[in-house]
Amino acid sequence: MSLKNFFDRIRPNFEEGGKLHPLWSLFDGLESFLFVPDTTSKSGVSIHDSIDSKRIMSFVVIALMPAMLFGMYNVGYQNSLAAGKLAETGFWAMFFYGFLAVLPKILVSYIVGLGIEFAWAQWKHEEIQEGYLVTGIIIPLIIPINTPLWILALAVAFSVIFVKEIFGGTGMNIFNVAISARMFMFFSYPSQMTGDKAWVATQSICGLGYDLPDGFTAATPLGEMAQQVNVNFNWDMVTGFIPGSIGETSVIAIGLGALLLLFTGIASWKTILSVFLGGGILAAIFNATGALTMPWYDYLLLGGFCFGAVFMATDPVTSARTETGKWIYGFIIGAMAIIVRVMNPGYPEGMMLAIFFGNFIAPLIDYCVVERNIAKRARRAANK
């Protein structure tokens, strides 16, 4: 309560006529982040709900915690494994090494992204929106551990300005901001984002971890499959003890987040299920035709497939909103991800482009579904 009283006491300085009024957006954003706003809509609303955008974002951030924490541990695990020191390195030593390696990326993402949002809100005299709370943690989780911080900063700035704010801010963007940042990094700096040098941290940090030889490489299982290398299924593909983007390797950790999102009703189970159906059916077809030599389910476990299906394809702003449209939208994303992986060996991931394409056609899907429903009702009315 003392903190709340402090904010109540200094609020007049930021309100209209106060000496710090130009900083009202900054004050309002910080206060709404720390406390539940006590204001309600005065007009244009017929239904009031306890769920607001801040609560939704908070639940998504909590759902991301298992993937983030496991990703930190896996960074240290892969470093110790590559150094041949796995047996003599303790759990906490590996976790704290990964924590120190991942933390700068999270800080850069939030500092750059929130800094732009605060400045934009101040310039436009608008409230600061909560959308970047989720985007700011997703972006570091979908990149390789060796991604330079300056590339991350450029990508965040690009995506926040040109993918989000230009379109009107949270709720108005037509493309997923995190996916756009990943695409900016991938197409602008491919040598830093792909290849076998990107996935395992190679430098010790504050006395933790191990320095690996110059030129050390470690391929991801998905990259090996793209090169027609037989990769036998093992439980590391499920638990996540494999090289890959920081938060995308553990199916179990991602599944825990998915359960929370489904339980709270934030994510659509139709979208998630249809992504896996689309991917599974296409992978099975490619298996039957001989285009794939590995089991179809391997393609659903590896890379960013699970993470994309749970945390990005379900983005309520950029995904399909009609109930039938969610099935179509998710199926297209899952199918396209497998098509890209199989038909383009030089680009083994596919999920990023599939979600971006899904965002692009989501409004068209909803439009067609609505028009079809209108036509059906018109026919029923005419037949009465």
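Residues are classed as buried under 20% relative accessible area, as exposed over 50% and as partly exposed in between, with a 1.4 Å probe and protein chains only. By this scale E117 is buried, at 3% relative accessibility. The structure is a predicted model, in which local features need pLDDT of at least 70 and side-chain atom pairs count only at pLDDT 80 or more, whereas totals for chains, interfaces and linings use all residues. Residues are numbered from 1 along each chain as its sequence is written, and side-chain values use heavy atoms, with hydrogens and water left out.

Salt bridges, defined as a side-chain nitrogen of Lys or Arg within 4 Å of a carboxyl oxygen of Asp or Glu, number 5 in the model. One of them joins E117 to K164, with the closest N and O atoms 2.2 Å apart. Helices (H or I, at least four residues) and strands (E, at least two) are taken as DSSP runs, numbered from the N terminus. Because E117 belongs to helix 4 (residues 91-124) and K164 to helix 6 (residues 149-164), this pair ties together parts that are 47 residues apart in sequence. K164 is buried, with a relative accessibility of 3%. A salt bridge is also found between R341 and E349, where the closest N and O atoms are 2.9 Å apart. R341 is buried at a relative accessible area of 4%, and E349 is likewise buried, at 19%. In the pair formed by K85 and E88, the closest N and O atoms are 4.0 Å apart. Here K85 is partly exposed, with a relative accessible area of 31%, while E88 is exposed at 58%.

Aromatic pairs were assigned where the ring centres of Phe, Tyr or Trp (its six-membered ring) lie within 6.5 Å; planes under 30 degrees apart count as stacked, over 60 as edge-to-face and the rest as tilted. The count by this rule is 20 aromatic pairs. The rings of Y77 and F241 have centres 4.7 Å apart and planes at 50°, so this pair is tilted. Y77 lies in helix 3 (residues 53-83) and F241 in the loop between helix 10 (236-239) and helix 11 (251-263), and the pair thus links distant parts of the chain, 164 residues apart. Y77 is buried, at a relative accessible area of 16%, whereas F241 is partly exposed, at 24%. Both residues belong to a cluster linked by ring pairs, made up of F70, Y73, Y77, F91, W92, F95, F96 and F241.

A further pair is formed by W269 and W327, whose ring centres are 5.5 Å apart and whose planes meet at 85°, so the arrangement is edge-to-face. As W269 lies in helix 12 (residues 269-289) and W327 in helix 15 (residues 323-343), the pair ties together parts that are 58 residues apart in sequence. W269 is partly exposed, with 48% relative accessibility, and W327 is partly exposed, with 32%.

These two tryptophans also contribute to a nonpolar surface patch of about 760 Å², together with L262, L273, L277, I281, I285, I328 and F331. Patches are made of residues with over 30% relative accessible area and no salt bridge, like charges being joined within 9 Å and nonpolar side chains (Val, Leu, Ile, Met, Phe, Trp, Tyr) within 5 Å; accessible areas come from the Shrake-Rupley method with a 1.4 Å probe, and for residues only the protein chains shown count as cover. Helix 12 and helix 15 are the elements that give two or more residues to the nonpolar patch. The largest share, 5 residues, comes from helix 12.

The loop between helix 10 and helix 11 also holds S245, which is buried at a relative accessible area of 7%. The side chain of S245 reaches the backbone oxygen of I142 at 3.5 Å.

With a disulfide defined as a pair of cysteine sulfur atoms within 2.5 Å, the model contains 0 disulfides. C306 is buried, with a relative accessible area of 6%, and C368 is partly exposed, at 42%. C206 is exposed, with a relative accessible area of 70%, and is found in the loop between helix 8 (190-193) and helix 9 (221-226). Although not a glycine, C206 has a positive phi of about 50°.

Key. Polar contact = N/O pair within 3.5 Å; in protein donor to acceptor, adjacent residues only side chain to side chain.
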